[in-house]
Amino acid sequence: MSDLAAARVRPLLRGLLGEPYLHSVETASTQDVLRESAFPHGAVAVTEHQTAGRGRSGREWADAPSKALLCSVLLRPNGAAPYAPLSLVVGLAVAAAIEREAGLEALLKWPNDVLVGGRKVAGILLEASGGVVVVGIGINVNQDTDDLPAQTRTPATSLAIAGGRPFDRGLVLVALLTELERRYAEWTIGGLSGFANELDRRNALIGRTVSISGHTGTAGAIATDGRLTIVLDNGDVVLVASGEIELGDEPARQA
Ligand code: BTN
């Protein structure tokens, strides 16, 4: 039986997320299972393989069948807009779930990536329309190096590569939905304001040289509206709302 089978995962789910729980052997994209559907808040779609998995900015999200956690969650925030900062809340939940289940330190690469050991282990795609948000999460769980794309903007890894052993995707999913449910409830009440410490602690970019939207400088904190602070070389401070980060060199470490 698959470690994502409903018979394995459903008895472990205690909250609102995962009802209904839709597991398939193959689908085009778990996002499309939930988008424009009548499913209630909390519906979750997972699959063993996507034939048309998508990432951000129109990129393809490829997978090795039955090795990744490919998951979408349908949320109905009832007007708790704007939605963009929600991807940071989801990122925190993914990072916490990875730490809990795999014992690996996980950090956020603003705005949508989760890194382990400086490599991308998970990506998040938020698709919103008509008051409904479908959050897509792809976590590299049991891929070997050969299963991962070689040419990516951020080098990729999996929990198995970083942790040196395979992991149960069902347990990673249950941890993710548990971590997400609590944070989502907090976000609907106070936005990102209650997440400042956690965002600081998990911000992989702090102190790094970054370029985005024509700005180059040193990344600082993530503001409570979700924007990334960048201190430019001339001392000016800019706040960036969205975009693709280009990373410069790692800061030199003190001996
Ligand atoms: C990114 O880093 O570009 C985001 C990747 C999001 C991938 C997930 S896998 C489950 C869900 N279904 C999709 O087609 N995409 C998301």
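Asp 32 is partly exposed, with a relative accessible area of 39%. Please keep in mind that this is a predicted model. Asp 32 has a partner in Arg 54: the two form a salt bridge whose closest N and O atoms are 2.8 Å apart. Asp 32 sits in helix H2 (residues 30-34) and Arg 54 in the loop between strand S2 (44-47) and strand S3 (68-75), so this pair ties together parts that are 22 residues apart in sequence. Arg 54 is partly exposed as well, at a relative accessible area of 26%.

Ser 29 belongs to the loop between strand S1 (21-24) and H2. With a relative accessible area of 2%, Ser 29 counts as buried, because the cut-off for that class is under 20%. Its side chain reaches the backbone nitrogen of Gln 31 at 3.1 Å. Leaving aside residues up to four places away in sequence, Ser 29 touches Gln 50, Ala 52 and Arg 54.

In all, the structure holds 21 salt bridges. Side chains of opposite charge can pair when their charged atoms come close.

| Salt bridge | N to O distance |
|---|---|
| Arg 153 and Glu 246 | 3.6 Å |
| Glu 198 and Arg 183 | 2.8 Å |

What does the pair Arg 153 and Glu 246 tie together? Arg 153 lies in the loop between strand S7 (132-140) and helix H4 (159-163), while Glu 246 lies in strand S12 (residues 246-247), so the bridge connects parts that are 93 residues apart in sequence. Arg 153 counts as partly exposed at 44% relative accessibility, and Glu 246 is partly exposed at 45%.

Are Glu 198 and Arg 183 buried or exposed? Glu 198 is buried, with a relative accessible area of 16%, and Arg 183 is buried too, at 4%. Their side chains meet in a salt bridge at 2.8 Å, N to O. Glu 198 is in helix H6 (residues 196-202) and Arg 183 in helix H5 (residues 169-190), so the pair ties together parts that are 15 residues apart in sequence.

Terms used
Residues numbered from 1 in each chain as written. Predicted model: local features only at pLDDT ≥ 70, side-chain atom pairs only at ≥ 80, totals over all residues. Heavy atoms only, no water. Salt bridge = Lys/Arg side-chain N within 4 Å of Asp/Glu carboxyl O. Helix = DSSP H or I, 4+ residues; strand = E, 2+ residues; numbered from the N terminus. Buried < 20%, exposed > 50% of the residue type's maximum accessible area, 1.4 Å probe, protein only. Polar contact = N/O pair within 3.5 Å; in protein donor to acceptor, adjacent residues only side chain to side chain. Contact = heavy atoms within 4.5 Å.
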